[in-house]
Amino acid sequence: MRAPWFFIVTAGCAIHANPPRAPIHDARTGVAPASLDEHLACGHWRTALASDPRALEHASFPESDATRSCFVRVRYDDETAVPDAIPEGCGYRASDERAAIERDADRDDRIARGEHVDVLPTELACALPDRVRRAAASNNARTLRALLDDRAQPYAYATVETFGYGHSSHAGTALDTWLPGDACPRDIDLQRFGVNVTRAARASLAWSGHVAPVVVVSGGAIHSRLVEAFLLDYIATCRIGVPRDRVLLDPCANHTHTNIRNGGRLLRAIGGRTSYMVTDDTIQAAYLQEWTSFNLIGGSLDQRALRDWGYLLGSWRQASVGIRAGFWYTPYRFWSDLHHRDFTCIGSP
């Protein structure tokens with residue numbers, strides 16, 4: 001029983017860094033080291049960026065230049081999540097990305113029909129049962145097409161993202177076999193799903209506050225038959241009331257760093273640069289800060305991404321006011337750099 005307590009205490013030792021008082025001009029403000037070789041970085045990030053150790057972590061201070069980073073704070077009270085004003089030149093509007101969104105929707109429709117596609121998108125490319133992959137693809141195609149009909153004013157962020165928390169105790173309900181698009185079962189006791197309710201509720205609150213036009217829910221069937229993304233979708237759509245065509249699904253993620261990668265893929269697919277990641281107030285909120293004690297044992301998000309894929313996932317930074325669990329995120333690590341602003345290792349097939 002000691003191991004769980006160790007990890008709880010370790011994650012709890014987290015630092016939310018204060019911005020430097022003096023102006024800085026390095027990776028912390030989105031500037032790439034002079035040594036950056038884009039052709040080498042994806043897969044060999046440590047080699048390509050070894051000249052600046054600050055480029056080997058996600059830590060960033062986007063609030064120091066909100067116009068370039070498109071950093072927007074989201075302010076909470078008990079019933080609302082309201083974004084600050086959008087910086088000049090920022091904001092997301094899906095109609096500006098019509099061709100890319102239509103292309104992804106067409107591909108997802110083919111997957112939903114069981115047709116062959118040359119390259120599966122990352123969020124559907126893991127070992128999924130055919131019915132799960134097709135249901136997720138059908139849902140995503142519908143949401144992408146609905147997104148093109150959005151006539152609202154620009155949004156502060158392109159997506160709101162939240163990640164599932166799985167446990168073996170979650171198994172044994174009708175949600176084990178429930179698919180997005182099915183009728184909503186009403187006899188589900190949500191209390192058994194713990195922090196997933198908080199995460200889905202906060203993502204729904206951000207969506208209703210016009211933070212972003214769509215919600216991305218992420219998580220696979222890691223600890224039981226229950227797909228975490230489908231659980232979050234059920235809570236958001238069936239129990240809270242987010243429209244079904246406002247949710248994108250990632251049923252493949254198996255860890256927080258995979259959640260971020262797959263969510264970043266979906267963000268890029270709709271032409272967005274920034275996402276608002278929201279979670280609960282426990283371990284994951286600490287895990288997303290600039291530094292945690294997991295760094296000491298090689299278990300930070302940056303260390304895991306470098307070890308598993310050989311590249312960083314981008315930059316993120318707490319953007320919430322009133323809670324500690326909402327984060328600005330961009331897969332473009334060097335978001336303010338004139339020469340490397342559009343460089344990322346997160347693909348968008």
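Does Cys345 count as buried or exposed, and at what relative accessibility? At 13% relative accessibility, Cys345 counts as buried, where buried means under 20% relative accessible area, exposed means over 50%, and partly exposed lies in between (1.4 Å probe, protein chains only). The model examined here is predicted, so local features need pLDDT of at least 70 and side-chain atom pairs count only at pLDDT 80 or more, while totals for chains, interfaces and linings use all residues. Residues are numbered from 1 along each chain as its sequence is written, and side-chain values use heavy atoms, with hydrogens and water left out.

With a disulfide taken as a pair of cysteine sulfur atoms within 2.5 Å, the count comes to four. Counting bonded cysteines along the chain, the pattern is 1-8, 2-3, 4-7, 5-6. Cys345 is bonded to Cys42, with the sulfur atoms 2.0 Å apart. The torsion about this S-S bond is about -95°, so the disulfide of Cys42 and Cys345 is left-handed. The pair links distant parts of the chain, 303 residues apart: Cys42 is in the loop between α2 (38–41) and α3 (45–48), and Cys345 is in the segment after β11. Helices here are DSSP runs of H or I with at least four residues, and strands are runs of E with at least two, numbered from the N terminus.

A second disulfide joins Cys70 and Cys90, whose sulfur atoms are 2.0 Å apart. Its torsion of about -85° makes this bond left-handed. Cys70 sits in the loop between α4 (66–69) and β2 (74–76), and Cys90, 20 residues apart from it, in the loop between β3 (81–83) and α5 (98–112). Both Cys70 and Cys90 are buried.

Cys184 and Cys238 form another disulfide, with an S to S distance of 2.0 Å. This bond is left-handed, given a torsion of about -70°. Cys184 lies in the loop between β4 (159–163) and α7 (195–208) and Cys238 in helix α8 (residues 228–240), so the bond ties together parts 54 residues apart in sequence. Cys184 is partly exposed at 27% relative accessibility, whereas Cys238 is buried, with a relative accessible area of 6%.

Helix α7 itself is worth a look. Its 14 residues should span 20 Å at 1.5 Å a residue, and the end C-alpha atoms are 20 Å apart, which agrees; the expected span is 1.5 Å times one less than the number of residues. Buried residues in α7 include Asn196, Arg199, Arg202 and Ala203. Just after α7, His210 takes a positive phi of about 65°.

Turning to the strands, β9 (residues 315–318) runs antiparallel to β11 (residues 326–330), and four bridges join them, where pairing requires that DSSP find at least two bridges. Ser315 stands opposite Thr330 in β11. From β9, Ser315 and Arg317 point one way and Trp316 and Gln318 the other way, and all are buried.

Leu296 is in the loop between β8 (291–292) and α11 (301–309) and counts as exposed, at 65% relative accessibility. Elsewhere, Cys13 is partly exposed, with a relative accessible area of 37%.
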